[in-house]
Amino acid sequence: MHQIESILAQNEKYRLDDPIPTGSQIDQAEQSLRTEMKSWYRDFVRLGGLNDLRFSAEILSPQELVENQRYIDSRAYVAFASNGCGDLFCWSVGESPAIFLWDHETNQFTEDAPDFVTWLERNRF
């Protein structure tokens, strides 16, 4: 079983019945951002992860990715989740699997996790 799928398969009673964004919606966001979506983001969305309420950070829909990008000055990062306090979790554009936290007060990026699966496990209640 895929690692993301395994995390999401636990305690399914905390899931919303909202529709899962389509591949086309993800493709449109990718075109708007002018960068390739990470495969783990596509997997997470496809597996219904956006409807899961067991994470301490709100993971953003494809449209929200586009909307939240305006807050980040750097095109080297894409925001994929919010901590609810104005800070955003980001992936870096390119090959790095690391997850970064963007602090809205300092405009600084700091590594938060070595990869998405580790980040997901840390942010799950």
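Tutor: Let's begin with the word "core": a nonpolar core is a set of buried Ala, Val, Leu, Ile, Met, Phe, Trp, Tyr and Cys residues joined through side-chain atoms within 4.5 Å. Buried means under 20% relative accessible area, exposed means over 50%, and partly exposed is in between, with a 1.4 Å probe and protein chains only. The model is predicted, so local features need pLDDT of at least 70 and side-chain atom pairs count only at pLDDT 80 or more, while totals for chains, interfaces and linings use all residues. Residues are numbered from 1 along each chain as its sequence is written, and side-chain values use heavy atoms, with hydrogens and water left out.

The largest nonpolar core has 30 residues, and the members that touch the most others are Ile4, Phe44, Ile59, Phe80, Phe116, Trp119 and Leu120. At least two residues of this core come from each of helix H1 (3–8), helix H2 (23–33), helix H3 (39–46), strand S2 (77–82), strand S3 (88–92), strand S4 (99–103) and helix H5 (116–122). Those labels are DSSP runs numbered from the N terminus: helices are H or I with at least four residues, and strands are E with at least two. Apart from this core lies another one, of eight residues, among them Tyr77, Ala79, Leu88 and Phe100.

Not counting residues up to four places away in sequence, Ile59 touches Phe44, Leu50, Glu64, Phe80, Ala81, Trp119 and Leu120, where contact means heavy atoms within 4.5 Å. Ala81 in S2 is also the bridge partner of Ile59. S1 and S2 run antiparallel and are joined by two bridges; two strands pair if DSSP finds at least two bridges between them.

Now follow S2 itself. Six of the six residues of S2 are buried, so this strand is largely enclosed by the rest of the structure. S2 also pairs with S3, again antiparallel, over five bridges; Val78, for instance, has Trp91 in S3 as its bridge partner. Five residues separate S2 and S3 in a hairpin, and in its turn Gly84 has a positive phi of about 85°.

The buried residues of H2 pack against H3, helix H4 (62–68) and S2. Within H2, these buried residues are Ile26, Ala29, Glu30 and Leu33. Seen down the axis of H2, they fall within an arc of 105°, so they line one face of the helix; the arc is that of the directions from the helix axis to the C-beta atoms. The spacing makes sense, because an α-helix has 3.6 residues a turn and residues three or four places apart point the same way. Just after H2, Arg34 takes a positive phi of about 55°.

H2 is also linked to H3 by charge. Arg42 forms a salt bridge with Asp27, with the closest N and O atoms 2.8 Å apart. Arg42 lies in H3 and Asp27 in H2, so the pair ties together parts that are 15 residues apart in sequence. Here a salt bridge is a side-chain nitrogen of Lys or Arg within 4 Å of a carboxyl oxygen of Asp or Glu. Arg42 is partly exposed at 24% relative accessible area, and Asp27 is partly exposed too, at 34%. Also in H3 is Asp43, which touches His2 and Ile4, leaving aside residues up to four places away in sequence. The C-alpha atoms of Asp43 and Ile4 are 7.6 Å apart in space, although the two residues are 39 apart in sequence.

The structure holds five salt bridges, and some of them share partners. Asp52 meets Arg15 at 3.5 Å, N to O, and the pair links the loop between H1 and H2, where Arg15 sits, with the loop between H3 and strand S1 (58–59), where Asp52 sits. Asp52 also meets Arg54, at 2.1 Å. Asp52 and Arg54 are both buried, while Arg15 is partly exposed at 23%.

Beyond four places away in sequence, Asn51 touches Tyr14, Arg15, Leu16, Asp18, Pro19 and Ile20.
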